[in-house]
Amino acid sequence: MRYLMTTKATDQTPDEKLYAEMGKFIEEMTAAGVLLATGGLDPKGIRIASAGDEITVTDGPFTEAKEAVAGFALVEVRSEEEAIELARRFRKVVGDGESTIQQVFGP
Amino acid sequence: MIDVRRTVDAVWKLESAAIIGGLTRIVRDVGLAEELAQDALVAALEQWPESGLPDNPGAWLTTTAKRRAIDHLRRAARLERRHEDLARELDQPQDVEHEDVLRLMFLSCHPVLPTPQRVSLTLRLVGGLTAAEIARAFLTSEPVITQRVAAAKEALAREGVPFELPVGESLAGRLSSVLEVVYLIFNEGYAATSGDDLMRPGLCQEALRLGRLLAELAPDEAEVHGLVALMEIQAARSAARTGPSGEPVRLHEQNRGRWDPLLIRRGFTAMLRARDIGGPPGPYVLQAAIAVCHTQARTAEDTDWAQIATLYDALVRLLPTPIVRLNRAVAVGEAHGPEAGLALVDELTTDRTLRDYHLLPSVRGDLLARLGRQAEARVEFGRAAAMTKNAAERAFLLRRAGELETDTSVVTLAQAATDFLARGDLDTATLRSYGQTLRRLRLSLGDRRPLESLTAQDVTRVFELSWSDAAAKTWNRHRSAIRTFTAWGSLADLAAGLPRRAETRQRIPAIGTEHLERLWNLGAPVREQTLWRLLHESAAQVRVVLSLDVEDLDLEDRRARASGTWVSWRSATARLLPELLAGRTRGPLFLADRRPGPARMPATEDLCPDTGRSRLSYERAEYLFKQATRALDPAGRGYTLRQLRPS
């Protein structure tokens, strides 16, 4: 089963050490055949909304930036507990903040 | 909300390969390593609910397990290395850990083990699955898997298989053994060979994970990346290959929009890595290249079949298995027309290994349908349906057969066979024997095969495939069934191509003196000893000896009157008889162990009037003898009572 982990933005700017540790963690997870895809997200973003026949396109950045998703990881695991364990390891690397994991249905 | 037991299990599955690999390097015995790792797991289950989850559960398990390993070595006083060296084990750099996992994979896939053991051991040690999980995936029972894993560990210890990375010439063979195991696990999941579901996705994922892991551990091996590419691309199609009710959807009818683009991209990436390494493409790279070809076509019509046929030409040179040849025929059929494909398929119809393989008639049916040979195609789909063990696939094949129009006024082989067996003047034994012959004929030629179209050549081919190495007696029995069937149906002589085989009565050799001596000293129960001695000393038929009654015996003259002949014995039997009789004066000489149940009460002459027990049956006596002599028989089957006659 697949889980998508999304991580919210924080104030702190990542330093060299964090980059190195993250790189190592991603390598490990890829090597274990668990991590399918991952990436960071541009905080600016573009919002597309529909109401009736109307489509509105708004350029970011948005005021509620702290709620925005800053990164994602798609993992393939055998159980929810495995996904939690991976998220736990990820949180240990990145420090204070918040991530969400959700099971992915499909494709 | 967090269940500790399930968390321990999740952590274990993520770490087991590294833990067991590391421990095996320390203790040099994979069985012991697994036990120690299990101890750590038990410790976690005991302590974590009390103390809460440790900061780093994976590291906790690893450290605890390694401490136990070191304690074990100290206790076993096998300490060849200094304590500091061992202490250093607790803090191993990652690359050593990676090598341990790779060594572990080579070990669990070692060629000294039979394939089912390799598969079970790999899933257990490297995949971290429990015996129950493996059993569920392979639709078998937990004790079977437990036993396989134990046997594998024992064999590795017995053969002294070292925990090392193969190098030089042995590497290619050892690596292909690992790849074979991984692909086998994948295929068991992808094309479930039995059961109701066409796929068991858990196994596919397990194999993918093992493959991806292997690709990181052995990044310079093109075939590893080839296998990963092949599995990723096949897995990408998994959602599209079954329809709403679980029926299979053929590749060219699949909705390509349902292929998983993420896995396809991963497959392509793995393929590029394989290409970058270079060298002549091996079987997995070629199969992956074929999969890539299919995936690159935007629609089924766009498929570059000529390219695929070329790739199969190369593959068939490396891997000339009947299955690859069959797939090549499919590709050639698409690239160069059904006629060309059918010619290749027809070459395979005499291959014994494909005798019960449902895809052969299924492919043949497909090609025949495209050539407009509807009736023949229908027969082939019917045969394929009868052969497959998978329910979804069977339904699909029957539907394909049903879609083809045929003339219903034609008498089919199935109809004729049923009528023939139902004619009422055959006794049970003959009926069973004829039934066997006709069942094989129907399975090989198809239930819907018009009776009129049957030729002696067809029948000869079935005989060659099925009974060419059977005993002459068996061959002749089937032959006579065909002859009777032919006469009954007023058909052309279907047995024309079947010569009668000379039945040389092969006498099974009597048991040699040396083995007889050991037999007498086995310490068997007195009834068995007496029976065996009597058979040996009298050279009488087993049935006659078992039919003896106590009243028939003339102990003085060492002989008995039975079935119109004399059975006589010598001193060994004479010594045993009084003990066997134990004062009995009438009834069967050899008695069964228990009284018969009311439902199977034998005739009075086969019952002991004093004890109520029935006469020992030939079957039971034979079974007991076989069991008792299994260890003596060099062939390991055990002897038959007939072999007791003096040589």
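These notebook entries record what I looked up in a predicted model with chains A and B.

**Entry 1: chain A**

I began with the secondary structure of chain A, which has 2 helices and 6 strands. Reading along the sequence, I noted the order β-α-β-β-β-β-α-β. I then looked up burial and found that 17% of the 107 residues in chain A are buried. For contacts in chain A with a separation of 6 or more, I recorded that 74% join residues 24 or more positions apart.

**Entry 2: where the chains touch**

**Entry 3: nonpolar cores**

I turned next to the largest nonpolar core, which has 113 residues. Within this core, Leu23(B) and Val182(B) touch the most other members. H1(B) gives the most to the core, with 12 residues. A second, separate core has 26 residues, among them Leu519(B), Leu591(B), Ala621(B) and Tyr639(B).

**Entry 4: helices H17 and H18 of chain B**

I looked up how helix H17 (residues 359-370) of chain B meets helix H18 (residues 374-387) of chain B. Their axes come within 8 Å and cross at roughly 160°. Because angles over 145 degrees count as roughly antiparallel, H17(B) is roughly antiparallel to H18(B). The crossing of these two helices is left-handed. On the H17(B) side, the contact is made by Pro361(B), Ser362(B), Arg364(B), Gly365(B), Leu368(B) and Ala369(B). On the H18(B) side I noted Gln374(B), Glu376(B), Ala377(B), Glu380(B), Phe381(B), Arg383(B) and Ala384(B). By class, the contact has 6 nonpolar, 3 polar and 4 charged residues.

**Entry 5: helices H12 and H13 of chain B**

I then examined helix H12 (residues 261-277) and helix H13 (residues 283-296) of chain B, which pack at an angle of about 135° with their axes 11 Å apart. H12(B) and H13(B) are therefore oblique to each other. Their crossing is left-handed. H12(B) contributes Ile264(B), Phe268(B), Met271(B) and Ala274(B) to the contact, and H13(B) contributes Val285(B), Ala288(B), Val292(B) and Thr295(B). I counted this contact by class as 7 nonpolar, 1 polar and no charged residues.

**Entry 6: positive phi**

Last, I looked up two residues of chain B with positive phi. Arg558(B) has a phi of about 55° although it is not a glycine. Arg558(B) lies in the loop between strand E1 (553-554) and strand E2 (559-562) of chain B. Is Arg558(B) buried, partly exposed or exposed? Arg558(B) has 17 other C-beta atoms within 10 Å, so it is partly exposed.

Ala582(B), also not a glycine, has a positive phi of about 45°. I found Ala582(B) in the loop between helix H27 (571-581) and helix H28 (618-629) of chain B. With 7 other C-beta atoms within 10 Å, Ala582(B) is exposed.

Notes:
Residues numbered from 1 in each chain as written. Chains lettered and ligands numbered in written order. Predicted model: local features only at pLDDT ≥ 70, side-chain atom pairs only at ≥ 80, totals over all residues. Axes fitted to C-alpha atoms, helices over the stretch in contact; angles between N-to-C directions. Helix = DSSP H or I, 4+ residues; strand = E, 2+ residues; numbered from the N terminus. Parallel < 35°, antiparallel > 145°, perpendicular 65-115°, else oblique. Left-handed = near helix turned anticlockwise from the far one by under 90°. Contact = placed C-beta atoms within 7 Å. Nonpolar A, V, L, I, M, F, W, Y, C, P; charged D, E, K, R; others polar. Core = buried A, V, L, I, M, F, W, Y, C linked by C-beta atoms within 7 Å. Buried ≥ 20, exposed ≤ 12 C-beta atoms within 10 Å, placed from the backbone.
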